[in-house]
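Please open the model in your viewer and keep the sequence beside it, so that each selection below can be followed from one to the next.

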Amino acid sequence: MTSIGQDGRRADVELRVPADSAYASVLRTTTAGLAARLDFPIDDIEDLRIAVSEASAMVLPAAAGDADLTCQFFMSPGSLTVSVGVEVDAPVDPRYDSFAWTVLATLATDASADSSNGRFTVSVTMAPGQTDGR
C-alpha cells in the first residue's frame with residue numbers, strides 16, 4: 001500500500017503505532033533521526049521533536065477506539081514535513097487557540113490541520129533556521 005500525503009506526494013517514511021501517548025516517543029526519536037540525516041542544526045531538531053509531540057497531543061484525544069497513530073515523513077533538501085494523524089469517528093474542529101497549536105505555530109516553519117475523510121491530521125514543516133517564532 002502506497003501512502004499519499006495531503007499534497008499528493010508519497011511519504012518517504014511512514015510509521016504506524018497504536019493511538020496511545022506512550023508511543024509518541026517513537027515518533028519523536030524517528031523525527032530527530034531523519035532531521036539529523038538532513039543536516040538540521042541541533043536546535044532545530046529539538047524544536048521539531050517538540051512540535052511532533054504537540055501534534056500528537058492534538059490528534060490523540062480525537063482518535064477512534066481502534067485507531068492507529070500514523071506519522072508520515074516527507075523529506076526534501078532543506079526541509080522536513082511531518083504529518084501526524086488518526087482515524088476519527090466524527091469531524092474534528094482543530095483548536096487553533098490551544099497551547100499545543102501555539103507551540104506548533106511558534107516552532108515550525110509551517111503548521112496546518114485537516115479534518116476530512118475520517119481522519120484528523122496535523123502537519124508541521126521545518127526548514128532549518130526559518131522558524132516564524134524566532
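Begin by selecting Ser-79, which lies in strand β3 of this predicted model. Is Ser-79 buried or exposed? With a relative accessible area of 17%, Ser-79 falls under the 20% cut-off and therefore counts as buried. If you display its surroundings and set aside residues up to four places away in sequence, you will find Ser-79 touching Leu-38, Phe-40, Phe-74, Thr-125, Met-126 and Ala-127.

Next, select the largest nonpolar core, which has 31 residues, and colour Leu-69, Leu-80, Val-82, Val-84, Leu-104 and Val-122, the members that touch the most other members. Two or more residues of this core come from each of α1 (24–37), α2 (42–59), β2 (68–76), β3 (79–87), α3 (99–107) and β5 (119–126). Which of these elements gives the largest share? That share is seven residues, and it comes from α2.

Now show α2 by itself.

The axes of α2 and α3 are 9 Å apart and the two helices pack at an angle of about 150 degrees, which makes α2 roughly antiparallel to α3. The crossing in which α2 passes α3 is left-handed. To see the contact, select Asp-47, Ile-50, Ala-51, Glu-54, Ala-55 and Met-58 of α2 together with Phe-99, Ala-100, Trp-101, Val-103, Leu-104 and Leu-107 of α3.

The axes of α1 and α2 come within 9 Å and cross at roughly 150 degrees, so α1 and α2 are roughly antiparallel to each other, and their crossing is right-handed. On the α1 side the contact includes Ala-24, Leu-27, Arg-28 and Ala-32, while on the α2 side it includes Ile-45, Leu-48, Arg-49 and Val-52.

Definitions and conventions:
Residues numbered from 1 in each chain as written. Predicted model: local features only at pLDDT ≥ 70, side-chain atom pairs only at ≥ 80, totals over all residues. Heavy atoms only, no water. Core = buried A, V, L, I, M, F, W, Y, C linked by side-chain atoms within 4.5 Å. Buried < 20%, exposed > 50% of the residue type's maximum accessible area, 1.4 Å probe, protein only. Helix = DSSP H or I, 4+ residues; strand = E, 2+ residues; numbered from the N terminus. Contact = heavy atoms within 4.5 Å. Axes fitted to C-alpha atoms, helices over the stretch in contact; angles between N-to-C directions. Parallel < 35°, antiparallel > 145°, perpendicular 65-115°, else oblique. Left-handed = near helix turned anticlockwise from the far one by under 90°.
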